[in-house]
Amino acid sequence: MRHEKGETRQEGGTSAARRTTEQPVTFRRLLLIAGTLLILFLGMFTWNQRTRALDDFAGMLGLEVTGTVLSFVHAVESGISETWDHYFDLVGVREENQRLKARLEELEARMMAAGEDLAELRRLRKLLELPVDEAWKPVGARVLAGRMGPNGLLDSITINRGYSTGGRPGTPVVTQLGLVGRVLRASPHSATVLLLTDPGSRIAVFSQEGRVSGILSGQGVHQHLEVRFAQLGTPVSPGEVLVTSGLDGKYPKGIPVARVISAEPSNYNQFLTIKAQPLVDLRNLEEVLLLESTGIVRPNLPSGPPPEFVGPPLPATAQPLP
Amino acid sequence: MNMLRHVCWWAVFIVAGIALQSVVPGLDAFAVGLILLLEDRDYRNLAWLLPVFIILQEGMGTGLFGSSVVWYTALVLLYKLGRWLFEVNNFFFVLLLSTWFGAAYFGIAWLMAPLQDVPGFDAQGTLDKSLIQALYVPVAWWLLAGLRRWVLPREA
C-alpha cells in the first residue's frame, strides 16, 4: 500500500515536473499558432483587397440570403398586419359604410365641379413636361433594412433589387424628391446602397440658379453635407437647390440633391464653404427608384446650327494693314 | 430526427437574427448562438455555423472581407479565456462575457477602420453600438438558453 502511495506521489511529481517543462513549449506553440493565423489573415486580407474575390463571394451569398430572408419577413409582417387591420375594419365596417356613402355623394358633387380645373391642370402639365432622357430607365425597389451587422461600416440601406433585376453596382438611386445615393454592392436579387450622407460619397453638383459647381461630400449620419471646391465670389445663397451636374459620369444631370443651408468663404482655402441638407429624408425611406442605364448614349450636341462666330478675324482671312 | 431538429433550430435562429439586425443597426445577433454552441461543446454544428455567420455578416455589411473573421475569432478566444479563468458557466459569467464582447466590438471596429479605408472613424456611434451589443448578449442568452432547453430537451 505504502509502495503504491509512493508510486502515486512519484507519478504526481513526474506529471507536475512534466507540466512545468511543457509550459514553455505550450506557450511557444500558442505564439506560433497565433503568428501563423495572423500571417494567414493578413495574406487573405491583402489578396482579397486586390482581387475582391471574397467580397464578391460574400456579397453573392450572404447578401442574397439576407435579402431573401428580409423579403420573407416583410411579407409575413405585412400579411399579419393586413389580417389584423381587416379584423378591426370588420368591427366598425357598418358604421363606416354609412359614413362613406354620404361622403361619396358629397365627393361626386365636388368632382363634377372640379372637372374643368382638372382639364386645365392636364394642359399645364403637358406644357411643363420635360424631355425624357432615354439613357436611364427608372426601376422601383423596396427598402429592406438600414445599416446591418457589425461590419456595416458605411451609411447604407439594403434594397430588394440586385444585379439581375436592375441594381448593378454604381446604379443611381433616387426618390421623387431627389437623390438618395448609388448601389455599392449587389447580389442577384438584393443590393446595398451607399447613401449620399456617407463620408465616402462624392457627387459632382452645381447650384440650380447660380450654376456654381462643386463636389458634394457626406459628413456622416445626422451631419450636414459639404460642397467642396466651389469658387469664391460665386453666387450661392441659402435655400438654393443643388443638382447633379453629371460631370462625374456616375449620375444623370439635373437630379435635385440637397438644399443649401449656408455659404461662407473658407478660413483655410480659396473656396467657399457650403453646407447643405439632403432633400430626401434618408432615415425614413420605404421605396426608391433605381436609374438603370439603358446603354443609349445621349448625343451632347446642340439641336440647332452652330452659332455665328463673333470676335476678331481669323489669321487666314485677316486683311493686310494699309 | 435529432439532426433535423438542430438544423431547424439554427435556421429559425438565423432568420430571427437577420430580422433583428435589420431593426437594430450594428448589432451582431449571432454572437449569442456562438456562446450556446461553445457552452454545449457542439463543435460539429459550430463547424458549419461559424462560416455561415461570417458569410452572412460580411454579405450584409459594407466593409472589406475580414472584420467578421477577426470578430468571431475574438469572441471564441474571449469565451475560452473566460472559461479557463473562472471555470463556471452561469448568467454572471455571460454578463461578464458580454462586457468583454462590448469592448471587443469597439476595439475591432477601431482597429479595422484604417484597414477598411473608412474615411472617418465614428467613435461615438461605435461606442453606442458596442454598448447595445453588450446589453443584448445576456438578455438574448437567457431567452435562448431557456427556449433551447424547451425545444431541444435532450441536448440542453
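Me: How many residues of domain 2 of chain A are in contact with domain 3 of chain A?
Reply: In this predicted model, five residues of domain 2 of chain A are in contact with seven residues of domain 3 of chain A. On the side of domain 2 of chain A that touches domain 3 of chain A, one residue is nonpolar, four are polar and none is charged.

Me: What about helices and strands, how many does chain A have?
Reply: Chain A has three helices and twelve strands. Of its 322 residues, 27% count as buried, and among the contacts in chain A between residues at least 6 apart in sequence, 58% join residues at least 24 apart.

Me: Which strands go into the barrel that includes β1 of chain A?
Reply: That closed barrel has six strands, in the order β1-β2-β5-β4-β3-β12 of chain A, and the pairing is antiparallel. From one strand to the next, the twist averages 45 degrees.

Me: Can we zoom in on β3 and β4 of chain A: over how many bridges do they pair?
Reply: Strand β3 of chain A, residues 172-174, pairs with strand β4 of chain A, residues 179-186, over three bridges in the antiparallel sense.

Me: What does α2(A) lie across?
Reply: Helix α2(A) lies across β1, β2, β4 and β5 of chain A, and runs at about 75 degrees to β1(A).

Me: OK, the other barrel now. In what order do β6 to β11 of chain A close up?
Reply: Those six strands close into a barrel in the order β6-β7-β8-β11-β10-β9 of chain A, again with antiparallel pairing. Neighbouring strands of this sheet are turned by 40 degrees against each other on average, with direction ignored.

Me: Which partners does β8(A) have there?
Reply: Strand β8 of chain A, residues 225-231, pairs with strand β7 of chain A, residues 213-217, in the antiparallel sense over three bridges, and Ser217(A) has Glu226(A) in β8(A) as its bridge partner. Strand β8(A) also pairs with strand β11 of chain A, residues 271-278, in the antiparallel sense over five bridges, and here Val227(A) stands opposite Ile274(A) in β11(A).

Me: And how is β10 of chain A joined to β11(A)?
Reply: Seven bridges join strand β10 of chain A, residues 256-265, to β11(A), and the two run antiparallel. They form a hairpin with five residues between them, and Ser262(A) stands opposite Lys275(A) in β11(A).

Me: Switching topic: how many residues does each chain bring to the contact between A and B?
Reply: The contact takes 35 residues from chain A and 31 residues from chain B. On the side of chain A that touches chain B, α1, α2, β1 and β2 of chain A each supply at least two residues. The largest share of that side, twelve residues, comes from α2(A), and the residues of the side divide into 19 nonpolar, 14 polar and two charged.

Me: What ipTM does the predictor give the complex?
Reply: The predictor gives the complex an ipTM of 0.84 and a pTM of 0.74. For chain B, the mean pLDDT is 88, and 97% of its residues reach 70 or more.

Me: Staying with chain B, which residues of α2(B) are buried?
Reply: In helix α2 of chain B, residues 31-39, the buried residues are Ala31(B), Val32(B), Gly33(B), Ile35(B), Leu36(B) and Leu37(B). What covers these buried residues includes α1, α3, α4, α5 and α6 of chain B. Just after α2(B), Arg41(B) takes a positive phi of about 50 degrees.

Me: Last one: why does Met112(B) count as buried?
Reply: Met112(B), which lies in helix α5 of chain B, counts as buried because 22 C-beta neighbours lie inside 10 Å, and the cut-off for buried is 20 or more. Not counting residues up to four places away in sequence, Met112(B) touches Ser67(B) and Val70(B). The C-alpha atoms of Met112(B) and Leu127(B), which are 15 residues apart along the chain, are separated by 15 Å.

Technical notes:
Residues numbered from 1 in each chain as written. Chains lettered and ligands numbered in written order. Predicted model: local features only at pLDDT ≥ 70, side-chain atom pairs only at ≥ 80, totals over all residues. Contact = placed C-beta atoms within 7 Å. Helix = DSSP H or I, 4+ residues; strand = E, 2+ residues; numbered from the N terminus. Nonpolar A, V, L, I, M, F, W, Y, C, P; charged D, E, K, R; others polar. Pairing = 2+ DSSP bridges. Axes fitted to C-alpha atoms, helices over the stretch in contact; angles between N-to-C directions. Buried ≥ 20, exposed ≤ 12 C-beta atoms within 10 Å, placed from the backbone. pLDDT = per-residue confidence, 0-100.
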